[in-house]
Amino acid sequence: MTPGGPPVEGGRWDVTRLDTNKTNTSYPTVFEEELEEGDYRIAFRIGRIERAIDVSVTQSEPATGEIVLDAGVVSIEVAYQEGAPKIDDAAIRLETAQTNADTQYGTYDAVVPAGPATVYVRSGRTEQTFNIDVIAGEAMARTFVLPAGRVAATSTFTPGGEAVPDARYRVLEAQASLTGDRKLLDTQYGKADVILPPGDYLMEVTSGRAVGEASFTVSQNGLTEIVVAMDAGVVAVSAPGARRIDILSAPSALTGKQDNLQVAYDQNMQLILNSGTYIAKAEIGEDKTIVEKEFTITAGQRTDVTLP
């Protein structure tokens with residue numbers, strides 16, 4: 001690591017004869033080997049550091065030399081607070097002016113060139129940057145605290161009611177843009193379990209054509225548990241002989257426009273909808289007779305509709 005320091009273990013030696021460009025590789029702690037007379041480049045590599053010297057081998061005297069890495073040993077872990085266990089899946093990336101960035105997970109252990117280095121750590125949707133100074137010949141062990149918390153979300157049809165199946169969870173920034181859009185941070189299915197920086201967010205849940213949402217706040221090293229009540233129920237439509245079934249929104253009071261919410265090319269369909277009034281429409285038989293019926297969804301209940 002430094003001039004006159006102890007040998008470095010765990011590296012690779014590449015010995016290249018310069019007139020033939022032939023290279024031999026070995027892995028001893030100290031390189032000692034009989035070589036034919038000639039000029040050689042002896043390189044030592046460990047991690048992302050490589051240093052080399054040129055030597056001339058003659059019969060009259062042995063060739064000697066010392067490769068100085070000018071480096072230190074760095075060990076980095078990440079936790080959510082001082083004294084807490086390390087984050088096993090944290091991504092730790094280290095970058096210096098002399099080496100390309102490399103990423104390790106849970107614990108970063110490497111020989112690093114002496115001088116300033118930048119450490120990027122990430123867990124879930126939380127990222128942080130730290131700066132360190134590596135001293136040649138010294139070992140550095142650091143634990144960085146990542147400001148983050150966790151949110152765990154589930155959903156029900158009604159407050160305290162039955163769980164909603166096949167739900168999609170989207171974590172959005174709380175603050176909307178001028179156009180009303182919110183930045184999407186993460187998407188999960190079935191339930192949500194997300195690591196986030198402390199702050200305010202919006203959880204949007206969809207299942208079928210039902211949508212629910214809840215605002216929440218993440219605190220440093222805290223667990224926020226939320227249950228999104230979807231205000232939704234289930235419609236089951238049966239239309240014997242149908243070629244197609246459509247579920248439509250009720251006509252708009254202003255324009256009369258209806259949105260087509262779901263189509264099934266079958267005689268039966270089932271769909272989760274927010275509470276409200278809808279239209280079930282079916283195309284039946286070879287003559288494509290159109291029949292429809294209005295129905296109402298009540299949160300937490302199943303509505304059966306038969307057409308005609």
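This is a predicted model: local features need pLDDT of at least 70, side-chain atom pairs count only at pLDDT 80 or more; totals for chains, interfaces and linings use all residues.
An open sheet of 4 strands is arranged in the order β2-β1-β3-β4, and its pairing is antiparallel. The edge positions are taken by β2 (22–26) and β4; each has a single partner strand, so one side of each is left without a neighbour in the sheet.

Strand β1 covers residues 12–17 and contains threonine 16. The relative accessibility of threonine 16 is 14%, and because the limit for a buried residue is under 20%, threonine 16 is classed as buried. When residues up to four places away in sequence are not counted, threonine 16 touches Asn21, Lys22, Thr23, Asp39, Tyr40 and Arg41. Of these contacts, Lys22 and Thr23 fall within the range of β2 (22–26), while Asp39, Tyr40 and Arg41 fall within that of β3 (38–46).

By residue class, the lining contains 17 nonpolar, 6 polar and 4 charged residues. Two strands of the sheet described above, β3 (38–46) and β4 (49–57), each contribute at least two residues to this lining. The largest contribution comes from β4, which supplies 3 residues.

Strand β6 (residues 91–96) pairs with β9 in the antiparallel sense, with 6 bridges between them. In this pairing leucine 94 is set opposite valine 119 of β9. The pairing of β9 with strand β10 (residues 126–134) is also antiparallel and extends over 9 bridges; here threonine 118 faces asparagine 131 in β10. A hairpin is formed by β9 and β10, with 2 residues between the strands, and glycine 124 in the turn has a positive phi of about 60 degrees.

Valine 119 belongs to strand β9, which spans residues 115–123. With a relative accessibility of 0%, valine 119 is counted as buried. Apart from neighbours within four places in sequence, the contacts of valine 119 are Ile76, Ile92, Arg93, Leu94, Gln128, Thr129, Phe130, Ile132 and Phe144. Among them, Ile92, Arg93 and Leu94 lie in the residue range of β6, and Gln128, Thr129, Phe130 and Ile132 lie in that of β10. The C-alpha atom of valine 119 is separated by 9.2 Å from that of alanine 101, a residue 18 positions apart along the chain.

Another open sheet consists of 3 strands in the order β15-β12-β18, and the pairing in it is mixed. Its edge strands, β15 (192–196) and β18 (223–229), each pair on one side only. Neighbouring strands in this sheet are turned against each other by 20 degrees on average, direction ignored. Parallel pairing links strand β12 (residues 149–156) to β18 over 7 bridges. Alanine 153 is positioned opposite isoleucine 226 in β18.

Strand β19 (residues 232–238) is paired with β22 in the antiparallel sense, over 7 bridges. Alanine 236 stands across from glutamine 270 of β22. Strand β22 (residues 268–274) is largely enclosed by the rest of the structure, because 5 of its 7 residues are buried.

Leucine 202 is located in strand β16, which comprises residues 199–207. The relative accessible area of leucine 202 is 6%, and this residue is therefore buried. If residues up to four places away in sequence are not counted, leucine 202 touches Arg170, Val171, Leu172, Ala174, Arg182, Glu213, Ala214, Ser215 and Phe216. One of these contacts, alanine 174, is 28 residues apart from leucine 202 along the chain, and the C-alpha atoms of the two residues are separated by 5.2 Å.

Notes
Residues are numbered from 1 along each chain as its sequence is written. Side-chain values use heavy atoms; hydrogens and water are left out. Buried means under 20% relative accessible area, exposed over 50%, partly exposed in between (1.4 Å probe, protein chains only). Contact means heavy atoms within 4.5 Å. Ala, Val, Leu, Ile, Met, Phe, Trp, Tyr, Cys and Pro count as nonpolar, Asp, Glu, Lys and Arg as charged, and the others, Gly among them, as polar. Two strands pair if DSSP finds at least two bridges between them. Axes are lines fitted to C-alpha atoms, for helices over the stretch in contact, and angles run from 0 to 180 degrees between N-to-C directions.
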